[in-house]
Amino acid sequence: MRKQIIQTSSLVLIGLLLLASVPAINAQSENNYYVSMENVDAKQESVDSLKNVKSFNSATFTIKPTEFNNAVNENKIIILQLMGEDVALNLHETHVMGDDTKVITTDEKGNMVLVDAPDIRTYHGKVVGDEDSQVAITISNNLLAGMIDVDDNAYYIDVTKNEIGGKNIHIVYRAKSVEFDLTDGLLNDTDEGVDYDSRFEYYETSDNLVLTSRAMTSIKILPCYDRHFKNIYGSYALAEFEIADMINTANLGLDDHDASLTFDYYKRYSYLDSGTGQEIINFFKNDISPYRDITGSDLATLFYGQDFEDTVLGMGSTYNGSSVQAYSVLQMVAGTGSYGATYPERCIVLTHEIGHNLDSRHNEHYEWIATPYTYYTVMSPSVIYNSTHRVRTVFSDGDVYGDATHNNGAHIEACKDIVAAFRT
Ligand SMILES: [Zn+2]
């Protein structure tokens, strides 16, 4: 008798489970958003930034920004098919660009004009089921770029100017197929002179900020680029897409310290002269300063499309509490040395130089070993990316990535609100 009751209720239970599981399965598939993409052939020599990449795939993407954005905001799982594998992502929108972002340029008479920036959306997130992963994705019409850092072997997705069927060809590769090594005496920047007295004063005032401020600070950046940079990507829209994406990826390193870069303007330059890193940053500081003022930006960065005429890959003003030190210039093309301007290399140079603007120091970068790699945080003075060494786009934090004397995160947290008040 008793047994029978159990059996009956078990049947009921099984029935309920079946009822429950049917809609659950439907909900599961409805909750996936598959990004439409098609594999295509591309030649390595057709893309300059593949110099240091051993193997890659090529694809075109069919992306409708509004549809993709709705899928993210409905908490759908975004699925990309990368190098033969389904990669499932949980994303949230990061709003790196303002809703009404403009481009400062000139008309044919040489007068300054503002034009609308392209529709670009940015996201951060995680690979489903991997809380240690880091994801930064940027999309626009039929464009998708970004970094999916998972299993110690990040995926990089980048756009090229080459087209097929009216769509831009993208390249997809993994960290293990990238190799470069700039340890042969190359520093990736030369710090500008610092007034140590004013720096010391800043320290006195910033201690209070450390104690009281943990809110997310939005630092306004004015991204600028020259015609050579535009030519790498073939169009202004693609150049601007690429910049938004690199900034979104750099923000992964700043997120942990409650800071993020955002922007409301781009500034286009025509062809700029060639020069050393120092010459270019000297020109840029002078020239861009009034634009930084009128756009209400805290920092200004030049994405430079030529090889600096020295070994410099980037220069960022060292923070001293004054908006005089609000500038950086970045080499965004492969050099005559081993720098290949791959996606990770460019993001490291950007994050590193912004780090200098935010008071991060070389001597507080952190190194740790996780076999088979020795890792460095992003303020490492050398950019290394080979079979045994990796630079990660994170800052030392005094904890997981550091100790008491290796804590660039604390410097960022101490100065971020001062930098975010550089705008006038
Ligand atoms: Zn540096």
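Colleague: Why is aspartate 152 called partly exposed?

Modeller: This is a predicted model, and the label follows from a count of neighbours. Aspartate 152 has 13 other C-beta atoms within 10 Å. A residue is exposed at 12 or fewer and buried at 20 or more; 13 lies in between, so aspartate 152 is partly exposed.

Colleague: What is said of the backbone at aspartate 152, and where is the residue found?

Modeller: Its phi is positive, about 55°, although aspartate 152 is not a glycine. The residue is found in the loop between strand E10 (143–149) and strand E11 (155–164).

Colleague: What makes alanine 341 count as buried?

Modeller: Alanine 341 has 23 C-beta neighbours inside 10 Å.

Colleague: How many of the residues in the protein are buried, as a percentage?

Modeller: Of the 424 residues, 46% are buried. The secondary structure comprises eight helices and 22 strands.

Colleague: Which peptide bond is cis, and what is its omega?

Modeller: The bond from threonine 371 to proline 372 is cis, with omega near 10°. Proline 372 is found in the loop that lies between strand E19 (367–370) and strand E20 (373–376).

How values were computed:
Residues are numbered from 1 along each chain as its sequence is written. This is a predicted model: local features need pLDDT of at least 70, side-chain atom pairs count only at pLDDT 80 or more; totals for chains, interfaces and linings use all residues. Helices (H or I, at least four residues) and strands (E, at least two) are DSSP runs, numbered from the N terminus.
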